Amino acid sequence: MKTGTKILLIICFIAIIVFPLAFCEGSYEGADGNAAEQIEKTNPDYKPWFSNLYEPPSGEVESLLFALQAALGAGILGYGAGYLKGKSKNNESNGCNC
Amino acid sequence: MKKTMKHTVALAAILVMGFGYNVNAMHIFEGYLEPKWCIMWGVIAIPFFVIGCMRIKEILNGDRKNMVLMAMCGAFIFILSALKIPSVVGSCSHPTGVGLSAVIFGPFVTAVLGTIVLIFQAVLLAHGGLTTLGANSCSMAIAGPILSYVIYKICTKCRVSSRISIFLAAVVGDIFTYCVTSFQLGLAFPVNGSVAAATVNYLGIFAVTQVPIAIAEGILTVLIFDFLIKYSKDQLKELHVAGIVKEKIK
């Protein structure tokens, strides 16, 4: 893929995220509630029979855990990317096709 | 290839602007499925999980080099499902990230990787749940990846470029995940006895919000896949990822 195409793709990605923030009104809450509300509306008698074993005590702690999840992923992905890139560079400079 | 890419991007932009409902898309909550449905989806998910574990063992035993690639695919799912992206509808939802792993390692391995992420989120983040794990697994870690895998195979068979193929696979797989979630909720909570009506109801909540986010996921997947083709082509070939062999060396 050409560098230009890659940059174009990255710009599109950013635009997809920024566009709604700039032009659409909304609360932007991660309100997981909409489906649950729908269930409560159509099935008023239904009571959830099990609740989460652990819930983050506050929004801050929750964002900590989400950040941890992303950081773990990004760390591993970055390590792997560096490993693959370094390996292929080594192979090129050694003139070896393995 | 560049022209096709431009068309894809234009199509994506139109799709993104075309929707405007105020809804939100996530996994099914803890306790929001009756025990019988939890068991049913769990039973469906277990064989995929078991075969997936066996496949992982087989792949890693075959070549330890694959471990880096597999870790990267798992990490990709981790990152993407932690990213809550704002959608045009005024709320946030997150992509699934399973398309990459489905294309490279197949749907069974993806079932295991996706389920690990779901367990992490259910236990630590109160996002999804342990009782609904089977159902969420079926939608995000099994149904979505299977469709992604099939779409990628068909596209590359039709000589579509591997990058466009994986874009389509990731986007459609992501949207399909939430279609399945809607169906699962519709099945559990029919409106006036009609599963179809309820499913359409939940589709309004889930799938439509997901369209722009699915496109964002598609873009990220293409970028990573492009990197892997560049630096790990031989390994992808060994894993029999379709469409790689025909690629020209740059």
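**Reading rings, cores and helix packing**

Tutor: Start with the rings. A search over all chains of the whole structure finds nine aromatic pairs. Keep in mind that this is a predicted model.

Student: How are the rings of Phe19(A) and Phe23(A) arranged?

Tutor: Look at two values, the distance between ring centres and the angle between planes. Here the centres are 5.2 Å apart and the planes stand at 45°, so Phe19(A) and Phe23(A) form a tilted pair. The angle falls between the cut-offs of 30 and 60 degrees.

Student: Where in chain A do Phe19(A) and Phe23(A) lie?

Tutor: Both belong to helix α1 (residues 3-23) of chain A. They are four residues apart, or about one helical turn.

Student: Is Phe19(A) buried, exposed or partly exposed? And what about Phe23(A)?

Tutor: Read the relative accessible area. Phe19(A) has 23%, so Phe19(A) is partly exposed. Phe23(A) has 62% and counts as exposed.

Student: Which geometry do the rings of Tyr152(B) and Phe225(B) have?

Tutor: Their centres are 6.2 Å apart and their planes meet at 85°, so this pair is edge-to-face. The pair links distant parts of the chain. Tyr152(B) sits in helix α6 (residues 133-157) of chain B and Phe225(B) in helix α8 of chain B, 73 residues apart.

Student: Are Tyr152(B) and Phe225(B) buried or exposed?

Tutor: Tyr152(B) is buried, at 2% relative accessible area. Phe225(B) is buried too, at 0%.

Student: Which residues do ring pairs link into a cluster?

Tutor: Follow the pairs from ring to ring. They join Tyr46(A), Phe29(B), Tyr32(B) and Phe189(B).

Student: Now the cores. What is the general idea?

Tutor: In soluble globular proteins, nonpolar side chains tend to be buried together.

Student: Which residues touch the most other members of the largest nonpolar core?

Tutor: Ile104(B) and Phe225(B) do, in a core of 65 residues. Helix α8 (residues 195-231) of chain B gives the most to this core, with 13 residues. A second, separate core has 26 residues. Trp41(B), Ile142(B), Val191(B) and Phe206(B) are among them.

Student: What does Phe225(B) touch, leaving out residues up to four places away in sequence?

Tutor: Take the list in sequence order. Leu100(B), Val103(B) and Ile104(B) are included. Tyr152(B), Ser162(B) and Ile166(B) are also on it.

Student: How do I read a helix pair?

Tutor: Two packed helices are described by the angle between their axes and the distance between the axes.

Student: At what angle do helix α2 (residues 35-62) of chain B and α6(B) pack?

Tutor: About 45°, with the axes 8 Å apart. That makes α2(B) oblique to α6(B). The crossing of α2(B) past α6(B) is left-handed.

Student: Which residues make the contact between α2(B) and α6(B)?

Tutor: From α2(B), they are Trp41(B), Gly42(B), Ile44(B), Ala45(B) and Phe48(B). From α6(B), they are Gly134(B), Ala135(B), Ser137(B), Cys138(B), Ile142(B) and Ile146(B). Trp41(B) and Ile142(B) were named above as members of the second core.

Student: How do α6(B) and helix α7 (residues 162-188) of chain B cross?

Tutor: Their axes come within 7 Å and cross at roughly 150°. Therefore α6(B) and α7(B) are roughly antiparallel. This crossing is right-handed.

Student: Let me try a single residue. Where is Ser81(B), and is Ser81(B) buried or exposed?

Tutor: Ser81(B) lies in helix α3 (residues 66-82) of chain B. Ser81(B) is buried, at 0% relative accessible area.

Student: What is Ser81(B) in contact with, beyond its neighbours within four places in sequence?

Tutor: Check the chain letters. Phe66(A) and Gln69(A) are from chain A. His94(B), Pro95(B), Val117(B) and Gln121(B) are from chain B. Ser81(B) and Gly114(B) are 33 residues apart in sequence and 9.7 Å apart in space, C-alpha to C-alpha.

Student: Last, the whole chains. How many helices and strands does each have?

Tutor: Chain A has three helices and zero strands. Buried residues make up 29% of its 98 residues. Chain B has nine helices and two strands, in the order α-α-α-β-β-α-α-α-α-α-α from the N terminus. In chain B, 64% of the 250 residues are buried.

Conventions
Residues numbered from 1 in each chain as written. Chains lettered and ligands numbered in written order. Predicted model: local features only at pLDDT ≥ 70, side-chain atom pairs only at ≥ 80, totals over all residues. Heavy atoms only, no water. Core = buried A, V, L, I, M, F, W, Y, C linked by side-chain atoms within 4.5 Å. Buried < 20%, exposed > 50% of the residue type's maximum accessible area, 1.4 Å probe, protein only. Contact = heavy atoms within 4.5 Å. Phe/Tyr/Trp six-rings, centres within 6.5 Å; stacked < 30°, edge-to-face > 60°. Axes fitted to C-alpha atoms, helices over the stretch in contact; angles between N-to-C directions. Parallel < 35°, antiparallel > 145°, perpendicular 65-115°, else oblique. Left-handed = near helix turned anticlockwise from the far one by under 90°.
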